[in-house]
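Please look at the sequence and the 3D structure shown here, and keep both in view while reading the paragraphs below.

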Amino acid sequence: MSQTDVSAETEPSDADPAVPEPTATPVVLLNAFPADRAQWEPLIAAWGDQVEGDVITFDMPGIGEMPLTDEEPGLELIADAAVLAMREATGADAAVWIGCSMGGYVALAVAERWPDAVAGLGLVCTKATADDDAARDKRLTLADSVEHADGLPDPRATAEGLIGTQGAAREELVEWATANVARQGGDGVAWGQRAMAARPDRTEVLRGVDAPVVVVIGDQDSILRREDGAAMAEAAGVEAVVLAGVGHLAAVEAPVEVARALLPLLD
């Protein structure tokens, strides 16, 4: 396994003819909001040499090292850029797409717009349905409040909601999430919230995915309901993997268990 960090354009350049033919299917990891790609480091470490293909991580617009785009917020923009970047970086036509939360929304947009680019789909603590009116209004209100600000007003409060783990391990995880969230600027947070608010219901897209699908649920996820994950599993015709004692950032909280759950996608 080699890791590729894609940190730039929403409009990648033409593929480099020097990119070798891939020997194994690449894996693309798509971030939960509003953390950057560092969230995947525990999962990648847990996989070790069990992944033969390239592992690609990259940040969402305005998050981490990814510049904020001038384009209107939309998950479709990220999906298109991710497919083109994956193909340019690896030479492969298809990848295994694994997304947590917002990353899952992007993975489903990839499945809708680029079905031939999907060799597998991992949906971790996410959902296929659109926001209801109340959730959409909440996102847009938050976006307006943080635009042009340094970041979220209370990163610790956001981090508390992301972590479901209790007991002795909780404080270290919350501190990690707080530090990560605190690094993200308000404009990137606003862009991401508006992009998520505009997303459609993609349940029917999931029903039509012609590739292996894994759905992972944290039973202590305070952001997404367990029923949301169960509905995705039903649409995909699979049984959800439910992780006990785990919250929204499942791959940070329980990387070994998440790595094990996702292994069927890597065969």
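This is a predicted model: local features need pLDDT of at least 70, side-chain atom pairs count only at pLDDT 80 or more; totals for chains, interfaces and linings use all residues.

Residues are numbered from 1 along each chain as its sequence is written, and side-chain values use heavy atoms, with hydrogens and water left out.

We begin with Leu30, which lies in strand 2; helices (H or I, at least four residues) and strands (E, at least two) are DSSP runs, numbered from the N terminus. Leu30 has a relative accessible area of 0% and is therefore buried, a word that stands for under 20% relative accessible area, whereas exposed stands for over 50% and partly exposed for what lies in between (1.4 Å probe, protein chains only). If its neighbours within four places in sequence are left aside, Leu30 is in contact (heavy atoms within 4.5 Å) with residues including Trp40, Phe58, Trp97 and Val106. Asn31 is found in the loop between strand 2 (27-30) and helix 1 (41-47), and because its relative accessibility is 0%, Asn31 also counts as buried. The side chain of Asn31 makes a polar contact of 3.2 Å with that of Asp59; such a contact is a pair of N or O atoms within 3.5 Å, where within protein one must be able to donate a hydrogen and the other to accept it, and residues adjacent in sequence count only if both atoms are side-chain atoms.

Which residues of helix 4 are buried? They are Arg139, Ala143 and Val146, and seen down the axis of helix 4 they fall within an arc of 80°, so they line one face of the helix; the arc is that of the directions from the helix axis to the C-beta atoms. These buried residues pack against helix 3 (102-113) and helix 7 (186-197), while the face turned away from the buried side carries exposed residues, among them Asp133, Lys138 and Asp144. At the start of helix 4, a side-chain oxygen of Asp132 comes to within 3.2 Å of the backbone nitrogen of Ala134, and after the helix comes His148, whose phi is positive, near 70°.

In helix 11 (residues 255-262), the buried residues are Pro255, Val258, Ala259, Ala261 and Leu262. Viewed down the axis of helix 11, they fall within an arc of 160°, so they too line one face of their helix. The elements against which they pack include helix 1, strand 6 (213-218) and helix 10 (250-253).

The spaces were found on a 1 Å grid over the protein atoms alone, where a cavity is a set of points where a 1.4 Å probe fits but cannot get out, a pocket is an open set with protein on both sides within 12 Å along at least five of seven lines, and lining residues have an atom within 4 Å of a point. Grid points are joined across faces, edges and corners, and a volume is the space filled by probe spheres set on the points. The largest pocket has a volume of about 750 Å³, and of the 27 residues that line it, the closest to its centre are Lys138, Arg139, Leu142, Gln193 and Ile223. The second largest cavity has a volume of about 60 Å³, and strand 6 gives the most to its lining, with 3 residues.
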